[in-house]
Amino acid sequence: MALGLAGTAMVVTPSSTAGAATATLVVDYACNGGIAGTGSGTVNLRTRLTVPTTLNVGDPLNVEWKLNYKDATRLGSPAYMPNGGRIDVTGRANISGSWIGQLQPKGTVDQSGPMDKGTPLNLPVGISDFGHTDRAGTVTVRPGNTLFVDFRPAASEVMVNDDDPAITYSGGWEDHDGLPFEDHDYHLDLHRTTVKDAWASYTFKGTGIEYVAQKDRDAGPIEIAIDGQAATPPRVDPSRNADGTLVNDAHKGGQTLWKFHGLKYEQHTITIKNVEDAKLGQLDAFRVITRDLVNPPKEYRAECTLANAPGAIQVEIGGGDDNPASPSPDSSPSPDSSASPSGSVSPSASPTPSPSPSGGNQSPSPSPSPSASASPSASPSPAAAQTQNYVVTAVVTQGSPSPTATRTVTLTATPSVAQVAITPQGGAQTGEAPERVSSSGMLLIGSGGALLMIGMLSGVAMLRRRAAHSGERS
C-alpha cells in the first residue's frame with residue numbers, strides 16, 4: 001500500500017502543509033452499549049472531519065476530527081471510580097482512489113475522580129491520524145461507519161465496609177457498631193458470627209481483593225473462595241501467627257488477613273465461610289484493588305454508528321516541488337554556469353583560450369555583451385605577454401529580475417606596458433628611469449665636510465682641557 005499509515009516505519013512528522021486548502025464534513029454518530037448504557041442510553045455525537053484537499057508528494061495526509069455531544073445525552077461512568085479514569089476515542093477514515101487503505105484517528109482525555117456510576121464523561125477535543133504520500137494521484141477520504149469510545153478505570157484501592165449493602169450475609173451474623181477506637185476496626189464496626197458454615201459474599205470489579213478483620217485468639221479458621229472455587233490459599237486462621245503459633249492478641253482490628261492479586265479486570269465474587277462452631281468468624285472490610293490496565297475493558301466500550309450521510313473529501317496529490325534547481329558551476333578548466341528560470345535572465349560565459357606563439361601562455365581578450373545576458377569571450381592575441389583567467393559565476397535569486405555576474409581576473413605574467421598609471425613617476429612597474437636632480441650630490445658632500453670639521457675642532461678642545469687639568473693637579 002503506497003499510503004503508509006501512522007505507526008508504521010516512515011520518516012514523516014504529522015504537520016499540515018502551510019497554507020494548504022482544507023475541506024470539512026459534519027459527521028453525526030449514535031452511540032450505544034458500554035458507557036453509553038450507563039449514561040443516557042443512546043448518546044448522540046456531532047463531529048467535524050477536516051482533510052487537506054491539495055498536497056505535494058511527501059506531504060503528510062492529516063485527518064483531524066473535532067468531537068462534541070450533539071444534544072443533552074451523555075456517556076456515563078460505568079461504576080464508582082474513586083480516582084476517575086480515561087476516555088479513548090478511535091475513529092475510521094477510509095481511503096480509496098489511487099490507494100486503498102484506512103486511517104485510524106485517536107484521542108484521549110482523563111476524567112477527574114471520584115465519580116459515581118452514571119457521572120457524565122468528557123470527550124476529547126479532537127482525534128487525529130496521518131499517512132505518508134509517496135507519489136502523485138487522487139484519493140478520496142470518507143468517514144468510517146463506526147466510531148468507538150472506550151473507558152479505562154484509573155488505578156485505585158477501595159475499602160468496602162462490612163455494612164455495605166452490596167455484601168450478602170447468611171443467617172447467624174451480628175453487626176457490631178461503635179467498637180473501641182483502640183481496636184482500630186475500619187469505621188469502628190464489624191460483622192461477627194459463631195455459627196459454623198455461616199458465610200458472607202461480595203461481588204466486585206477489579207484485579208485484586210483483600211480480606212480485612214481482627215486478629216484474635218478466640219477467632220476460628222475462615223475458608224475463602226473466588227468465583228465459586230477455592231482461593232489461594234483456601235483458608236486463613238486469625239488466631240494463629242504465620243508460623244502456626246497461637247497469637248496473644250485480642251480484638252486487634254484493621255488487619256489484612258488474606259489477599260489475592262492478579263485477577264483479570266472483570267466481575268468477580270469473593271465468599272468467606274466460618275469453619276468451626278463456637279469460634280469467632282469476623283468481617284471488618286474488603287479492599288478492592290484495580291491496577292493500571294494496558295487495554296480498556298471491552299464491557300465499557302460504546303459503539304457509535306454513522307447517523308447521517310456526510311459525503312466524502314477528494315484530495316489531489318501533486319508531483320512535489322516545481323521550483324527549478326539551482327545552477328551548479330561546471331568543474332571543467334573553463335567553467336560555463338548558467339540558469340534560466342522562468343521570468344529571469346541569467347548570464348553566461350564561454351572563454352575560448354588558445355596557445356600563444358611563445359607556447360604555454362594563453363591570451364583571452366574579454367568582450368562582454370551589452371545585452372542582459374553577459375557572455376564574455378576569449379580570443380588569441382599573438383603580441384600579448386600575460387594570461388588572464390576568467391571565472392564567471394551566475395548568481396540566481398528566485399523572484400529577482402536581475403541576476404548578477406561576477407568576473408575574477410588573475411594576472412600570471414608581468415606586462416611590458418603599464419596598465420595602470422602610478423604616481424609618483426618612475427618605478428619598476430612603469431619601465432621609466434627616475435628623475436635626476438644635479439644639486440643633490442654637491443649638497444651631500446658639503447654637509448659631510450662640515451660634520452668632519454666640527455668633529456676635529458671638538459677633539460682639539462678636549463685635549464687642551466685635559467692638559468690644563470693635569471697641570472693644576474701637579
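**Figure 1. The disulfide between Cys31 and Cys304****.** In this predicted model, Cys31 and Cys304 form a disulfide (a pair of cysteine sulfur atoms within 2.5 Å), with their sulfur atoms 1.9 Å apart. The count by this rule is one disulfide. The torsion about the S-S bond of Cys31 and Cys304 is about 105 degrees, so the disulfide is right-handed. Distant parts of the chain are linked by this pair: Cys31 belongs to strand β2 (residues 22-32) and Cys304 to strand β23, 273 residues apart. Strands (E, at least two residues) and helices (H or I, at least four) are DSSP runs, numbered from the N terminus. Cys31 counts as buried at 0% relative accessibility, and Cys304 is buried with a relative accessible area of 0%. Buried denotes under 20% relative accessible area, exposed over 50%, and partly exposed in between (1.4 Å probe, protein chains only). Residues are numbered from 1 along each chain as its sequence is written. As the model is predicted, local features need pLDDT of at least 70 and side-chain atom pairs count only at pLDDT 80 or more, while totals for chains, interfaces and linings use all residues; side-chain values use heavy atoms, with hydrogens and water left out.

**Figure 2. The stacked rings of Tyr202 and Phe204****.** A pair of aromatic rings is described by the distance of the centres and the angle of the planes. Rings of Phe, Tyr and Trp (its six-membered ring) pair if their centres lie within 6.5 Å; planes under 30 degrees apart count as stacked, over 60 as edge-to-face and the rest as tilted. The count by this rule is six aromatic pairs. For Tyr202 and Phe204 the ring centres are 6.2 Å apart and the planes are at 15 degrees, so the pair is stacked. Tyr202 counts as buried at 11% relative accessibility, as does Phe204 at 4%.

**Figure 3. The edge-to-face pair of Tyr265 and Tyr300****.** These two rings, of Tyr265 and Tyr300, are 6.1 Å apart centre to centre, with 70 degrees between the planes. Tyr265 lies in strand β20 (residues 252-274) and Tyr300 in the loop between β22 (285-290) and β23 (302-306), so the pair ties together parts that are 35 residues apart in sequence. Tyr265 and Tyr300 are both buried. Ring pairs join Phe151 with Tyr265 and Tyr300 in a cluster.

**Figure 4. Arg301 over the ring of Phe148****.** The charged end of Arg301 is placed over the Phe148 ring, 4.4 Å from its centre. A charge sits over a ring if NZ of Lys or CZ of Arg is within 6 Å of the ring centre and within 35 degrees of the ring normal.

**Figure 5. Positive phi at His187** **and Asp227****.** His187, a residue other than glycine, has a positive phi near 60 degrees. His187 is in the loop between β15 (174-176) and β16 (190-193) and counts as exposed at 53% relative accessibility. Asp227, likewise not a glycine, has a positive phi of about 55 degrees. Asp227 is in the loop between β18 (222-226) and β19 and is partly exposed, with a relative accessible area of 41%.
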